[in-house]
Amino acid sequence: MSGGINVADLAGHVKDTYSFHFPWGHWEIPQVLQTFGISKYVLLEFGAAAVMFAVFIPFARHICGGKQAKGRFWNMLEVFLVYLKDDVIIPSIGSAKEAAPYIPYLWTLFFFVLFCNLAGMLPWMGSPTGSAVVTGVLALITLTVVIAAGIKQHGAVGFWKGMVPHIEGKIAGIDIAKILGPFMFVLEVFSFFVKHVTLCIRLMANMFGGHLMLAIFAAFIPMSAWAIYVWIPITVCAILASVAVSFLELFVAFLQAYIFTFLTSVYIGISIHQH
Amino acid sequence: MNNIFPFPFSLFNSRTVPALCCFAVLAAVMPQGIFADEHGGGQTSLNPLEWASNTAFWSLVIFVTVFALLGKFAFRPIAAALDAREQGIADRIAAAQRLNEEAKDLMKQYQDKLDASRDEVRQIMETAKKDAQRVADDIGEKAQVAASQERDRAAKEIESATASALQTIAERSASLATNLAGRMIRAEVKPEQHRDLINAALQDFVKS
């Protein structure tokens, strides 16, 4: 067996590095940028940001003053924005008035996650959201926004106190709330933070898992190169499987961006409307 | 860029965003040790949970900057434009509904007027029929009366003419008889003459 899975080679396709792997060779990120800690994922995030600027600022000019968007692309974009606003954000947070301050943040979040996810669909690129670091930062920002939303609504003390559900009743003349309250508080605070950790892990795991699967399918091809009668069917199967998984990844890219945004909206809604 | 967002987004304003960017640059330049060799020199592993300060830092900076700038120059204007359009559509729907209600009211008014007109026409028709019937009855009665009067008058005229004729006949008969008697008295008349006289008298009577 002449082939074999080299973990470093696989990792190069699904992990953050300081180089881009092309069929004709590797492109090392310039040392100046590396000095600033700019890696492949950071460059791809800059790319996602640039695409967002290139898309949404012209779109804002297109529809300013209540004008209608013209053209398939702008209409598609508007469908996304209106769907998120009317069917995801506002119902999750409560009312249009309550949701209004958070709509720009949630739109930014959705499209940033989406474009980072889709970057992985480009040949020789990668998904920054396949890194727990990137999704962790996004979850951390969401956690900050959720806490800020709760504090704005209920005050600093009210927000943390409001995490404990209202308990009525007495046992042996002692108020149950006084007994269970501290335990409930610890449990609820723990649950609150875990929810945001799951936000990070869910997105990372989906993107990382998908790209790892693609890399493994691709790795079957050199692995089976030791015998031509095995290599041909395995190569065909690996390519077909990669195409199928790529379609799945495309769907997952949209789905995970939606889920991240939806759950963030739900968490904001929960922090505004506590128990 | 001051106060462009409500709290907590108001944290990202014209002062904090440049400050964050400066912080990013400084943080990237100064503690090079933090970022150095985190990915470049070490053995690459497949652990997706591996921490990377540089990626975390730049992800934070990029996302916050994107949010601050796009929020100001894209998403707020887009949200305002969508709201304005929604409001415009809602206003137009409300206006259309109002016009629809007005049209329905007008329709109902016209329908009522139409129904009233139909009733009026029906009443007019009934009145006209009654009037026509009455006129017809009057005309019939008058015609009957006139015909009766005419018949009576004709009968009277006939009666009068008959009486007059009878009187004339009587008078002529008397005159003829007198004349005939006078002729008979003045001359002896043979039976043949007598017959001729009578015939002549009769012819005179017919001629007269």
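Predicted model: local features only at pLDDT ≥ 70, side-chain atom pairs only at ≥ 80, totals over all residues.
Residues are numbered from 1 along each chain as its sequence is written, with chains lettered from A and ligands numbered from 1 in the order in which they are written.

Chain A carries 10 helices and four strands, counted as DSSP runs numbered from the N terminus (helices H or I, at least four residues; strands E, at least two).

Helix 9 (residues 176-223) and helix 10 (residues 228-272) of chain A pack at about 170°, their axes 9 Å apart; axes are lines fitted to C-alpha atoms over the stretch in contact, and angles run from 0 to 180 degrees between N-to-C directions. So helix 9 of chain A is roughly antiparallel to helix 10 of chain A, a label for angles over 145 degrees.

As for the largest nonpolar core, it holds 71 residues, of which Phe112(A) and Val113(A) touch the most other members. Such a core is a set of buried Ala, Val, Leu, Ile, Met, Phe, Trp, Tyr and Cys residues joined through C-beta atoms within 7 Å, buried meaning 20 or more other C-beta atoms within 10 Å of the residue's own, with C-beta atoms placed from the backbone. Helix 3 of chain B gives the largest share of this core, 15 residues.

Key. Parallel < 35°, antiparallel > 145°, perpendicular 65-115°, else oblique. Buried ≥ 20, exposed ≤ 12 C-beta atoms within 10 Å, placed from the backbone.
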